[in-house]
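Here's a quick briefing on how this chain packs. Have a look at the model first, then read on.

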Amino acid sequence: MIEHFLSLGRLDCLEDLVLMSRSVFGCDREHMYHQWVTAEAKNPAKIEEIWMEMQDEGHAPGKDLKTLIAKALKSGGRPLPFSTEDLNMEEKPAAPQATKQDNKKSAKPEEGKSAKPEEETSAKTQEEKSAKADEKAKSQKQGSGKVEKLNSLIDENKTSEAVDFIIKKKQYHKGLLRKLIRIMVANKEWANLKKLEEKTPRGKWIGLRLDAVVRDEKYLNDGNLFYETIKEADITNKHKAKLNSSTTKNIFLKNPELLEKFEDLASREGNLAAN
């Protein structure tokens with residue numbers, strides 16, 4: 001299935017497959033992430049998102065995968081989120097191009113002779129490809145500039161400006177949206193959070209699983225809210241507090257007093273939510 005998506009150039013489908021298979025028993029997460037990183041290697045902004053997805057899931061990448069991530073981020077001038085001392089960061093030497101250049105020179109028409117039709121077509125095709133590549137590079141550079149601007153606003157804690165920038169420029173960068181939401185929840189900026197949710201297309205909000213991000217951050221910043229949600233849950237609505245193991249662990253690390261409360265809750269006879 002992965003090869004099929006890659007052959008079609010559907011990296012969006014590949015992303016959905018990796019994310020939706022999180023809870024599939026026996027799924028080789030290392031392989032899935034390796035394929036995703038390889039496919040997006042020339043897009044450092046996306047690699048940053050993938051790294052954040054790994055952190056959210058609690059997946060520890062192997063040495064080869066970490067090397068791929070590090071090289072992709074380094075080539076895009078991005079900061080590395082981990083040490084590379086144990087990684088092989090040496091680039092393979094580029095293949096010599098002399099033979100190709102020689103072939104091109106020999107293919108040039110002699111003085112006074114016009115180029116053959118097939119040669120003209122080939123040259124035109126090459127020019128078109130070059131123009132498309134330049135246009136793509138320009139577009140990526142512009143997109144990268146917007147991402148850097150948004151990241152700068154968030155780092156400077158200018159959350160209101162960041163929200164307006166996202167809405168105006170339609171910059172739905174998953175990693176930065178999550179980063180912004182974490183800050184707004186921690187600072188209890190409910191008005192900004194509500195504005196962001198209302199102005200973000202619903203399909204985009206759900207597709208990026210931002211509801212879950214808001215919920216998880218609220219639980220992390222308010223352990224009692226998490227406790228009350230579990231306490232009041234019954235067998236039919238347990239999904240309201242369904243979290244991955246990494247998030248649950250972080251909640252208890254940040255709110256150690258919850259452990260005793262949950263032990264007491266679990267010991268009560270007939271409490272379905274705690275069992």
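The largest nonpolar core holds 22 residues, and Leu180, Ile181 and Leu196 have the most contacts inside it. By nonpolar core we mean buried Ala, Val, Leu, Ile, Met, Phe, Trp, Tyr and Cys residues joined through side-chain atoms within 4.5 Å, with buried meaning under 20% relative accessible area (1.4 Å probe, protein chains only). This is a predicted model: local features need pLDDT of at least 70, side-chain atom pairs count only at pLDDT 80 or more, and totals for chains, interfaces and linings use all residues. Residues are numbered from 1 along each chain as its sequence is written, and side-chain values use heavy atoms, leaving out hydrogens and water.

- Another core, of 20 residues, lies apart from it and includes Val18, Leu19, Tyr33 and Ile50.
- Skipping neighbours within four places in sequence, Ile181 is in contact (heavy atoms within 4.5 Å) with Leu193, Leu196, Trp205, Leu210, Val213 and Val214.

**Helix H8**
- In H8 (residues 159-169), the buried residues are Thr159, Ala162, Val163, Phe165 and Ile166.
- They sit on the same side of H8 because they cover an arc of only 160° around the axis, taken from the directions from the helix axis to the C-beta atoms.

Definitions and conventions. Buried < 20%, exposed > 50% of the residue type's maximum accessible area, 1.4 Å probe, protein only. Helix = DSSP H or I, 4+ residues; strand = E, 2+ residues; numbered from the N terminus.
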